[in-house]
Amino acid sequence: MIDWAIVEMAIPLLARGTLVTLQVAAISGVLSLLLGFLLGLCALSRSRMLRAVVGAYVDFIRGTPLLIQIFLVFFALPVVGIRLSEIWAGIAALSFNTSAYVAETVRGGAGSVEHGQTEAAKAIGMTHAQTLVYILLPQALRPMVPPLTNELITMTKNTSLLSVISVYELTRAGQAIISVYFVPFEIYLLLALYYYAIIKTLSWASRRLENRMPRL
Amino acid sequence: MTGADTSPMLTLQGVSKSFGDKRVLADVNLSVAAGETVSIIGPSGSGKTTLLRTINHLHPPTTGQVILSGQTIGYVNGPNGQLRPASERELARQRQAIGFVFQRFNLFPHLTALQNVSIGLTKVAGMSRAAAHERAAAELRKVFLADHMSKRPQELSGGQQQRVAIARALALDPLIILFDEPTSALDPELVREVLDVIRALAADRKTLMIVTHEMRFAQEVAHRVIFMDEGVIVEQGPPAALFGDPREPRTRKFLSHFNVAR
């Protein structure tokens, strides 16, 4: 059965890992939203070249495992002279990955606004870019909250993969305890609860945000 | 023609429009004088709406030209005096001179009535916020919406929404205003308030083109009525003549569906 003494001992030991996980998730979340919106706008632009570049990027991210992407950023960047610490390499990889999905959501969201809105904007003399920024995106924001939340949840769970490049986040912290005390069941169960609590908080905050945004 | 000026405000030269294999407009020639109000009637699918949309290049014509006050829409004069296709920005600028009122209003739902009218002034015409709000408020008062400026479209009735849309078009001081079945999406009791506003614009000598199914309105507001069918102008003339004594069998057949007061 569960060794409660181990659990009691592990809880404070996991605190630092939890903090790192939260930091990585927060920074990656902000970066992937920024980059994702930028890429999404490019995907909606009139420039065929920009659209093709974003399309290829999204295609690559979707077509390859995140684990490989993490290794690529961690081991390939130093080859081209960019040296990042484990944690920043991990943040970069997660941000690159999530931004592709955010870009798709932005593209789909703005693209699904009723066509009459674009026509009305054109009729008063707006350019394509103005229509996008002042008319389509503001209307797409609220419907975009649930899919964006899903992407951030996935990203937060994926922070556990950074344990493979020795980022001392929650999963890695748990594995460190396991390697000393060999209590995998207790620790992984505890980790699951930790992640669950983090994700629940995130989705609660997202629902609150959605409800506060005006329904159009 | 009833008191219209001599110089044409708008000229359509050989305008045709096809969607794929389907020809919707076939070689339409037309000119509209400054201050003139033109009604366009005809069965659905006759190309009336497409005709309006070719004018502001929401549907650029497949062939032919639209000339507004000497400017060919969608083209600009190149360095050697020849026309070249307008850039996106140049076309956007030309569109400011063409007001367009949609059948389904197409107001921006995330903006208040005032913002719906002022956004074109600030973002497109480059006016300051304060000046734009002042101008937008003035336009909304003209369409009797002084009390509804801070409401969003979904808080307004259809008739009110359409009047906001008219104010939005007017705010940019267009040379011509195009109405695409402006009352078709309205409940019957709301039609009148919109028609009254359009009537006032006609009385104010604005240049108007109105696609409509309101025959009585077309008859009384317009200087000239155009009957379209199958992508061509079948017949046109002063309302009294076109409604009272149509020459073409197709016009007669179409009008026989309505109880138009003679």
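**Entry 1: H1 and H8 of chain A**

I began with helix H1 (residues 4-43) and helix H8 (residues 184-212) of chain A, whose axes come within 11 Å and cross at roughly 50°. The model is predicted: local features need pLDDT of at least 70, side-chain atom pairs count only at pLDDT 80 or more, and totals for chains, interfaces and linings use all residues. Residues are numbered from 1 along each chain as its sequence is written, and chains are lettered from A and ligands numbered from 1 in the order in which they are written.

Helices here are DSSP runs (H or I, at least four residues), strands likewise (E, at least two), numbered from the N terminus. Axes are lines fitted to C-alpha atoms, for helices over the stretch in contact, and angles run from 0 to 180 degrees between N-to-C directions.

I noted the crossing of H1(A) and H8(A) as right-handed, meaning that the near helix is turned clockwise from the far one by less than a right angle, anticlockwise being left-handed. From H1(A), A:Ile6, A:Val7, A:Ala10, A:Leu14 and A:Thr18 meet A:Glu186, A:Ile187, A:Leu190 and A:Tyr194 of H8(A). Contact means C-beta atoms, placed from the backbone, within 7 Å. I sorted the residues of this contact into seven nonpolar, one polar and one charged (nonpolar: Ala, Val, Leu, Ile, Met, Phe, Trp, Tyr, Cys and Pro; charged: Asp, Glu, Lys and Arg; polar: the others, Gly among them).

**Entry 2: chain A overall**

I found eight helices and zero strands in chain A. Its C-alpha trace spans about 70 × 45 × 20 Å along the principal axes. Of its 216 residues, 37% are buried (20 or more other C-beta atoms within 10 Å; exposed is 12 or fewer, partly exposed in between). Among contacts between residues at least 6 apart in sequence, 78% join residues at least 24 apart.

**Entry 3: chain A against chain B**

I counted 18 residues from chain A and 21 residues from chain B in the contact. On the side of chain A, helix H5 (115-123) and helix H6 (128-158) give two or more residues. That side has eight nonpolar, seven polar and three charged residues.

**Entry 4: cores**

A nonpolar core is a set of buried Ala, Val, Leu, Ile, Met, Phe, Trp, Tyr and Cys residues joined through C-beta atoms within 7 Å. In the largest, of 115 residues, those touching the most other members include B:Ile40, B:Val101 and B:Phe179. Helix H4 (residues 86-111) of chain A gives the largest share, eleven residues. Apart from this core lies another of nine residues, among them A:Ala10 and A:Leu170. Not counting residues up to four places away in sequence, B:Phe179 touches B:Val101, B:Ile198, B:Leu208, B:Met209, B:Ile210 and B:Val211.

**Entry 5: chain B**

I checked helix H5 (residues 158-171) and helix H6 (residues 188-203) of chain B, which pack at about 20° with axes 8 Å apart. They are therefore roughly parallel, and their crossing is right-handed.

Phi of B:Ser69 is near 50°, positive in a residue other than glycine. B:Ser69 sits in the loop between strand E4 (63-68) and strand E5 (71-72), and is partly exposed, with 14 other C-beta atoms within 10 Å. B:Arg205 has a positive phi near 65° and lies in the loop between H6 and strand E10 (208-211) of chain B.

Note on methods. Contact = placed C-beta atoms within 7 Å. Parallel < 35°, antiparallel > 145°, perpendicular 65-115°, else oblique.
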